[in-house]
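Please keep the sequence and the structure in view while reading.

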Amino acid sequence: MKKLTNLMIRDCTSQGSEICHELADALYQHQAAMAKDPLHKEILGNMRYETRLKPSFDSADEKQLLVAFDGEKPVGYIFTAAEEVTEESRRQLPPWGEGAGFYPDWLKSPVRVGDLGNLYILPEYRGIGLGEALTAKGMEWLRALPGARYLFVHVSEGNNAADFYARYGFKFSHDVLGGIIKAYYQEI
């Protein structure tokens, strides 16, 4: 565990994702509030822990869930995972999706990638370096994965996180699902 002022970051992977239920729902509400396009706002507004984080966590073979605590209260988290991207999986879109999927056309498959996702900090805990600490630990874990060639991060419309991820070496890749999400990447 790493101490950041009076906060603790714990690896909660073995405990399951339920510990982040409320935080995940807050993240999805935040994403919906930031969306500019009414259709994107509706799509993001319909996302919940049960439809997004839980299935992603449960289906990932290799994953890490880091949770920041203030005492026993979860105040932020990051979920990272690795997967083998095949040509078929690269082209999969949700039923409401259009345009490019989560991985770009230039990505040669099969290829192993890491995904830095679901970074969220409660508003009252922002600005103290917690996002940076979670991101750094998540990237450290992803970079240590055997065979991973690329790291991706997917940012919902309206979240101005490009500069934040650029500090970690990420570059813009493509618009996902008609612009509802922006994909950034880096080669390992």
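Q92 is located in the loop between α4 (87-91) and β5; helices (H or I, at least four residues) and strands (E, at least two) are DSSP runs, numbered from the N terminus. The model is predicted, so local features need pLDDT of at least 70 and side-chain atom pairs count only at pLDDT 80 or more, whereas totals for chains, interfaces and linings use all residues. Residues are numbered from 1 along each chain as its sequence is written, and side-chain values use heavy atoms, with hydrogens and water left out.

With a relative accessibility of 49%, Q92 counts as partly exposed. In these terms, buried means under 20% relative accessible area, exposed means over 50%, and partly exposed lies in between (1.4 Å probe, protein chains only). Q92 and L122 are 30 residues apart along the chain, and their C-alpha atoms are separated by 32 Å. The loop between α4 and β5 also holds P110. A cis peptide bond, with omega about 0 degrees, joins S109 and P110.

## N118 in strand β5

N118 belongs to strand β5 (residues 111-121) and counts as buried at 16% relative accessibility. Its side chain makes polar contacts with the side chain of Y28 (2.9 Å) and with the side chain of Y77 (2.9 Å). A polar contact is a pair of N or O atoms within 3.5 Å; within protein, one must be able to donate a hydrogen and the other to accept it, and residues adjacent in sequence count only if both atoms are side-chain atoms.

Contact in general means heavy atoms within 4.5 Å. Leaving aside neighbours within four places in sequence, N118 is in contact with L27, Y28, L53, Y77, I78 and F79.

## Positive phi angles

Most residues other than glycine have a negative phi, and most peptide bonds are trans. N118 is not a glycine, although its phi is positive, at about 55 degrees. L177 is likewise not a glycine and has a positive phi of about 50 degrees. L177 lies in the loop between β7 (171-176) and β8 (181-187), and at 4% relative accessibility it counts as buried.

## Helix α2 and its two faces

Which residues of helix α2 (residues 38-45) are buried? They are H40, I43 and L44. Seen down the axis of α2, these buried residues fall within an arc of 95 degrees, so they line one face of the helix; the arc is that of the directions from the helix axis to the C-beta atoms. They pack against α1 (21-34) and β6 (150-156).

The face turned away from the buried side of α2 carries the exposed residues P38 and E42.

## The packing of α1 and α2

Two packed helices are described by the angle between their axes and the distance between the axes. For α1 and α2, the angle is about 175 degrees and the axes are 8 Å apart. Axes are lines fitted to C-alpha atoms, for helices over the stretch in contact, and angles run from 0 to 180 degrees between N-to-C directions. This angle makes α1 roughly antiparallel to α2, a description that applies over 145 degrees. The contact is made by Y28, Q31, A32 and A33 of α1 and by K41, L44 and G45 of α2.

Terms used. Parallel < 35°, antiparallel > 145°, perpendicular 65-115°, else oblique.
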